[in-house]
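Open the structure in your viewer and keep the selection panel at hand. We will go from stop to stop, selecting as we go.

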Amino acid sequence: MAFIHLQGVSRYFGRQAALRDVNVDLEPGRIGLLGPNGAGKSTLLKILLGLLAPTKGSGTVLGWPIAPAEGQDTGFAGWLGSWRETAATLGSAGSALRRTIGYMPEADSLVPGLTGAEYVALAGELCGMPRKHAERRAHELLTCLGLEDARYRRLEEYSTGMKQRLKLAQALTHDPPVLLLDEPTSGLDPSGREAMLRLLLSLGKDHGKSIILCTHLLGDVERVCDSVVILHHGRVLRHGGVEELRARRQDRYRLQVRAETDDAAAANLAPKGAITNVPADEAHRSRGLERFKEDLRLEGVNVLADDGRGEMRVAVPKGWVSRAFFALAENSGVTVRGFQHDDEDLEELFHRVLSEGNGNER
Amino acid sequence: MSAELLHYRPWRGTFHGPLSASWPIARVALKMMFRRKLFWAIYALALLMFLMFFFGQYLLSWAESQADESGVRIFGAKVAPGDLIHGLREVLQLNGRKGEMYALFFRFQGYMVMVLLALAGSMIVGNDFQYGTLPYYLSKPISRVHYLLGKCLAVAVFINLMTTLPAIVLWVQFGLLDTWSFFYQKADLLLGIIGYGLVLTVSLSALLLAAAVWVRRTVPLIMAWCTLLFFCRVLADALVFVLNMDWRWRLIDLWDCTYIVGTWLLQADPGPRQPAIGWAASILVIVSIVCTMYLILRVRAVEVVK
Amino acid sequence: MIADRSSVTAAVAETIARPSFPVPTMDMGRDERPSELASPVLLFDHVSKWYGPVIGVNDVTLELRPGIMGLVGANGAGKTTLMRLATGQLRTDLGTVEVRGISTLKAAAKRYVGWCPDADVFYEEMSGRQFVRVMAQLCGFDRREAKRRADEVIELVGMNDAMGGGAERTLRGYSKGMRQRIKLAQALVQDPELLILDEPLSGIDPVGRQESIALFHQLARRGKCLLVSSHELEALEKLTDQVIVMARGRIAAVGTLPRIREMFDDVPLAIRIDCSEKRRLSAALLELDDVSGIELGEQATLTVRAANPKRFFKKFAEVVLEEGFDVQHLEILDDSARAILGYLLAGTAHS
């Protein structure tokens, strides 16, 4: 069954278009929702949550329909229409949809005065779970997420990392097949972020949940998601698997080389104080690197980018063998510490798609 | 942490409908209020008022049984029973057979209720806006109506705990002191009490929630609430009694409107220079509808995802 | 991934246990720049700070000169305290903090410091430009000067045209990215030498991120000193390679990430190699002394554990050239900031 199916969905706020003719068909899986600010991501999320009706078009999430389109009228008809919309979203329309989704909001949405277990249990009860079931599940989830000791403490006493895990717990209480996550790693330190991403990956892979991840951190999307939807100015520029969208560049490589240097300075533990951007032995190192670059150029390799410290991107001519890097390195007195095919990573993909989108608009 | 994830278990079970979510919302709001000492202090004051009526009825009943005695001793002073009875009956209107007693009780309790509701409003609703809890609620499979219903339920509990329930206790007490036939003869009084409570509940909860959603913080809410109720009463009194304007100006005072409707339900006399029931009822209905519409518009889904 | 936590712990514990480093008269053989002979922009001298019984920073000594410095650490490690001490919002319990030789508690020092906090606290009814102008006036500039500086700085952060004249709208309607820019603008308004930035990239979309990073590089080239605290290690790696790692109130390590990685010299590097003849390559690599383990992965992948990276890579190159292997992929798996920090912070957490 298609996970998300949207057909011709548009949403106008007055004259302004937040979403324009969105047509996507997504399979269950882990999807990243990307786009610059103002691209219409939050509008799309609201429509997927059934909280907002599109102006035109229809769609389903896991078979459940989104709110019916309300049509775009102006003037008196428009005013009447907004009342119609209010009346429509008044009832339970859309609430069946929300039962399949667990939403993890970006902002802290706490009920002050409750304990952790009570908060998560309340989330279950709001979804329609019987009270005892919700409470039992709350305890189970909090233990599972590592908040076992803190579940009897008041929410105001929680740290940021704990709050993020708590928000995830309240999204999982009713065991929804779909998780909608808005900036799940914001405010987390690196280890917390790592733990959260591993958790999300596991929920997606091992427990078969479909995840929609909405974030600015492309690193997160790379770790967790296997497909992306890129929005810009209300349109979907690209959607599909990351591997398919990536441009494969057979002739491009990323190189990490390091020049020979004295070991004495490097053997010291890093001292404090007197820090500047360029440590002393860099002077010696750069000479080796320059030689290496020269040799590369002589062999017909195009050095595209170079940060001066040994990280470079090159485009090699046809018929190049990777062994040649090692040979040239040995001649110049540098060591090759890494080289990889320079396929597009997510950031470059994102920028490319965005600039193509901008180009098309003009 | 990944090892623990082995313990994540799916949950399969039956879900109740969205209406079942209103009670948990109310329960949480009640719990927040019951934790506060201020709430219990105000409730104690309201109970004092109730106790005054409660023991007053006993005193009256006892004095009536001593009516043929020349004098009775109360707190060491000698008082003629007739005077005592007269005092209790006329001044405090402690006549359980007539609706006036209950109307008076409601009116006295009104002050406490208003103060308590000012406190409750900010806690129940204002907190949700202030701490951003609204996305938490609205992203669940419930709609705004269920959310508002839950909040109204909590406010209803507060109002009724202080007015309707004690009034019913007074009614039962009088019946026990009087004859058994009181219960079915004066069953309409019971209905009147319940009706009055209902009127108060509906109109005040709509008004309170609308005010709390409009002005979200505690102090401004207390100010707005006091303006709506206390200030308008003073204004109405000034306009009608001092400036001698048309008695219909008393309709500004919403509490008075509820009083008029309540006394009509209790078949009691609302007092002189009060507007007719029709006016008061219409005002209440209009205010309630306007507040409800405002609530539905304001508690919007667009607040959920920034 | 760490073979033996205790060894890492020992390495880190040793660093932390060291009472303090002498402020180095480092003859790192530097080609002298005149600025280095002047006083450092920011100087912490054996600073400790308590919050009641809880210690926030514990005997921190630090000197910062122009350039970009990253500040990383777990939540609660003392980063915010460090930054507040640097901006003069907190008084030290032990030790002194100086900016350009002036104690941070004096008003004169604040002339040199610009602070871009993590939280958004604005006067929401003002427009962006108005806010920055008010901040400029608070710094002591007269009205005309304040207006000029505000306009200049708003131009610098790119709020002028790109956001559709966003500087004129009230702050209430701003997106997160625009707020960050305004925060940066108000920090820059008195052209400070020291800029302290707390999570400057949070909430900004990838496009805005690149622009911000470019702006930071530009400021650093102008000779400013930037102290950037962030949890987003990938962004930090693009910004700078010098980091300060804090843990439990102490500075656990300072320097470039590869240098810090070298501290863990007893933790073998994990290196991924893709080669079509992986088994033959494995056999050849096992001959090397430095290789402590090889794991055969899917398809053509090998993961090699090697003790001494320098030697290993040299030998590896020799093996490849001699035997003629066709290597498709070579990557050090735990050289990234995330991995290093993982070792460092996990080590301190469990010590």
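Start where two chains meet. Select chains A and B: 42 residues of chain B are in contact with 45 residues of chain A. Now highlight four helices of chain B: H1 (22-34), H5 (134-138), H6 (144-162) and H12 (277-298). Each supplies at least two residues of the side that touches chain A. Which helix gives the most to that side of chain B? It is H5(B), with four residues. Colour the side of chain B that touches chain A by class, and you get 25 nonpolar, 11 polar and six charged residues. Bear in mind that this is a predicted model.

Stay in chain B and select Trp171(B). It belongs to helix H7, residues 164-177. Is Trp171(B) buried or exposed? Trp171(B) is buried, because 21 other C-beta atoms lie within 10 Å and 20 or more are enough for that label. Draw a distance from Trp171(B) to Thr258(B): the C-alpha atoms are separated by 20 Å, with the two residues 87 apart along the chain.

Move to chain C and select strand S9, residues 242-247. Six of its six residues are buried, so S9(C) is largely enclosed by the rest of the structure. In a regular strand, side chains alternate between the two faces of the sheet. Look at one side of S9(C) for Gln242(C), Ile244(C) and Met246(C). Turn to the other for Val243(C), Val245(C) and Ala247(C). Both faces are covered.

Strand S3(C), residues 67-73, pairs with S9(C) in the parallel sense over four bridges. Find Gly70(C) opposite Val243(C). Strand S10(C), residues 250-256, runs antiparallel to S9(C), and six bridges join them. Here Met246(C) stands opposite Ile251(C). Two residues lie between the strands of this hairpin, where Arg248(C) takes a positive phi near 55°.

Now select helix H5 of chain C, residues 128-138. Its buried residues include Gly128(C), Phe131(C), Val132(C), Met135(C) and Ala136(C). Arg129(C) and Arg133(C) are buried too. Show what covers them: helix H6 (143-156) and helix H7 (176-188) of chain C are included. Just after H5(C), stop at Gly140(C), with a positive phi of about 110°.

Last stop: Pro309(C), in helix H12 of chain C, residues 309-323. Pro309(C) is buried, with 22 other C-beta atoms within 10 Å. Draw one more distance, to Leu330(C), 21 residues apart along the chain: the C-alpha atoms are separated by 13 Å.

Note on methods:
Residues numbered from 1 in each chain as written. Chains lettered and ligands numbered in written order. Predicted model: local features only at pLDDT ≥ 70, side-chain atom pairs only at ≥ 80, totals over all residues. Buried ≥ 20, exposed ≤ 12 C-beta atoms within 10 Å, placed from the backbone. Contact = placed C-beta atoms within 7 Å. Nonpolar A, V, L, I, M, F, W, Y, C, P; charged D, E, K, R; others polar. Pairing = 2+ DSSP bridges.
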